[in-house]
There are 2 protein chains.
Amino acid sequence: MKKFEEKTVHSTEIFKGKVVTLTVDDVILPNGKEAKREIVHHPGAVAIIPITRDGKIVFVEQYRKALERSIVEIPAGKLEPGEDPAVCARRELEEETGYGAGELTYLLSFATSPGFANEIIHLYVAKDLYKIEEKRTLDEDEFVSIIEATIEEAEEMIENRQIYDAKTAYGVLWAKMNKM
Amino acid sequence: MKKFEEKTVHSTEIFKGKVVTLTVDDVILPNGKEAKREIVHHPGAVAIIPITRDGKIVFVEQYRKALERSIVEIPAGKLEPGEDPAVCARRELEEETGYGAGELTYLLSFATSPGFANEIIHLYVAKDLYKIEEKRTLDEDEFVSIIEATIEEAEEMIENRQIYDAKTAYGVLWAKMNKM
């Protein structure tokens, strides 16, 4: 999949942070001209659609500084370097919701913002949920609350923009389609 | 929606580019502690699910430098400052596919990467498509080719990762659910 490839001539690292690294790359376009590409590098993430035994979806509400508001999302989290996404998915599910998954199924992976970022989200469905007795602790800068909602309630949350991100919108549509 | 609000104490602009601006913000967490947030600022975008009269979806294939490969996506593009998303949607559809839309319907908006970016995509469905006689020109650094595919073909492209981004995965699922 190298159609219309843009070859890198030079890459300048502008910023290396805790979450993202920013580079500006000089590239040669398919027509031979030069252009600059601003690229945000991200370690990748997992997201989980957790379905309870009574057919509800488990969401987390958290403040998203980038949006300057709190939104309702399916549980998700960044991959540690070299981490198996399925291991990460179980960890994030437990940390954020207090649920373990009897059954964890991989659905698909997608880039979230291919125009400027390399972030990939690996999406899982978690079923046969059980409460973890000793709940794992969240990261020290993480504050979340849990919402369990039916598909209809989730669709209302999309309508009124409490749910407002791509992975969660996808998750709700997927759950509806698969009659969870 | 200010639950768990993180108040900004100071914001440092690290980079201001053509597409993104990067800031690092010092914030006060709900527990009173300080933390840093790396935020990518983006002007926002539109994406369009174009459905032909014979029920196919119109995709564009393009090279995505961030992913170092070409992927197949629904048409999309960045908003100009102050631009009405519906106007932008018609422009991008015409530029990228050569189709005009007899009917353009707003579906929903979502943040693509709320953990580190403020990009919002406004998603539309375009129907009653007609060929534009004088096709608009693409941006000078844009190279795309057009693929018209049935839902089944699109699902295969998700399976083999030719389709590999969130807005397009959502678009295909939406089209399937609505039996396009």
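Mentor: Let's begin with a definition: a residue is buried under 20% relative accessible area, exposed over 50%, and partly exposed in between, with a 1.4 Å probe and protein chains only. Keep in mind that this is a predicted model, where local features need pLDDT of at least 70, side-chain atom pairs count only at pLDDT 80 or more, and totals for chains, interfaces and linings use all residues. Residues are numbered from 1 along each chain as its sequence is written, chains are lettered from A and ligands numbered from 1 in the order in which they are written, and side-chain values use heavy atoms, with hydrogens and water left out.

Trainee: Is D26(A) buried or exposed?

Mentor: D26(A) is buried, with a relative accessible area of 14%. Its salt-bridge partner is K36(A), and the closest N and O atoms are 2.6 Å apart. D26(A) sits in strand β2 of chain A and K36(A) in strand β3 of chain A, so the pair ties together parts that are 10 residues apart in sequence. K36(A), for its part, is exposed at 58% relative accessible area.

Trainee: What counts as a salt bridge, and what counts as a strand or helix?

Mentor: The general idea is that side chains of opposite charge can pair when their charged atoms come close. The rule here asks for a side-chain nitrogen of Lys or Arg within 4 Å of a carboxyl oxygen of Asp or Glu. Helices (H or I, at least four residues) and strands (E, at least two) are DSSP runs, numbered from the N terminus.

Trainee: How many helices and strands does chain A have?

Mentor: Chain A has 3 helices and 10 strands, and along the sequence they run β-β-β-β-β-β-β-α-β-β-β-α-α. The C-alpha atoms of chain A fill a box of roughly 60 × 35 × 30 Å along the principal axes. Of the 180 residues in chain A, 56% are buried.

Trainee: Where do the helices of chain A take part in a salt bridge?

Mentor: Look at E155(A) and K176(A), whose side chains meet in a salt bridge at 2.8 Å, N to O. E155(A) lies in helix α2 (residues 151-159) of chain A and K176(A) in helix α3 of chain A, so this pair ties together parts 21 residues apart in sequence. E155(A) is partly exposed at 30% relative accessibility, and K176(A) is partly exposed at 35%. Salt bridges with shared partners also join R64(A), E73(A), D165(A) and K167(A) into one network. Over all chains, the structure holds 26 salt bridges.

Trainee: How many salt bridges does the rule find across the interface of chain A and chain B?

Mentor: The rule finds 4 across that interface. In one of them, E61(A) pairs with K3(B), with the closest N and O atoms 3.6 Å apart. E61(A) lies in strand β5 of chain A and K3(B) in the segment before β1 (7-16) of chain B, so the pair joins two chains. E61(A) is buried at 8% relative accessible area, while K3(B) is partly exposed at 38%. The side chains of E61(B) and K3(A) also meet in a salt bridge, at 3.6 Å, N to O.

Trainee: How should I read the size of the interface?

Mentor: The size of an interface is often given as the accessible area lost when the parts come together. Buried area is that loss with a 1.4 Å probe, summed over both parts. Between chain A and chain B the buried area is about 6300 Å², with carbon and sulfur atoms giving 67%. Contact, meaning heavy atoms within 4.5 Å, takes in 71 residues from chain A and 71 residues from chain B.

Trainee: Which residues does A66(A) touch?

Mentor: A66(A) is in the loop between β5 and β6 of chain A and is buried at 10% relative accessibility. Leaving aside residues up to four places away in sequence, A66(A) touches I39(B), P114(B), F116(B), A117(B) and N118(B).

Trainee: And where is T52(B) placed?

Mentor: T52(B) is in the loop between β4 (45-50) and β5 (57-64) of chain B, and counts as buried at 9% relative accessibility. Not counting residues up to four places away in sequence, T52(B) touches V58(B), Y99(B), L129(B) and E148(B).

Definitions and conventions. Buried area is the accessible area (1.4 Å probe) that two parts lose on being put together, summed over both.
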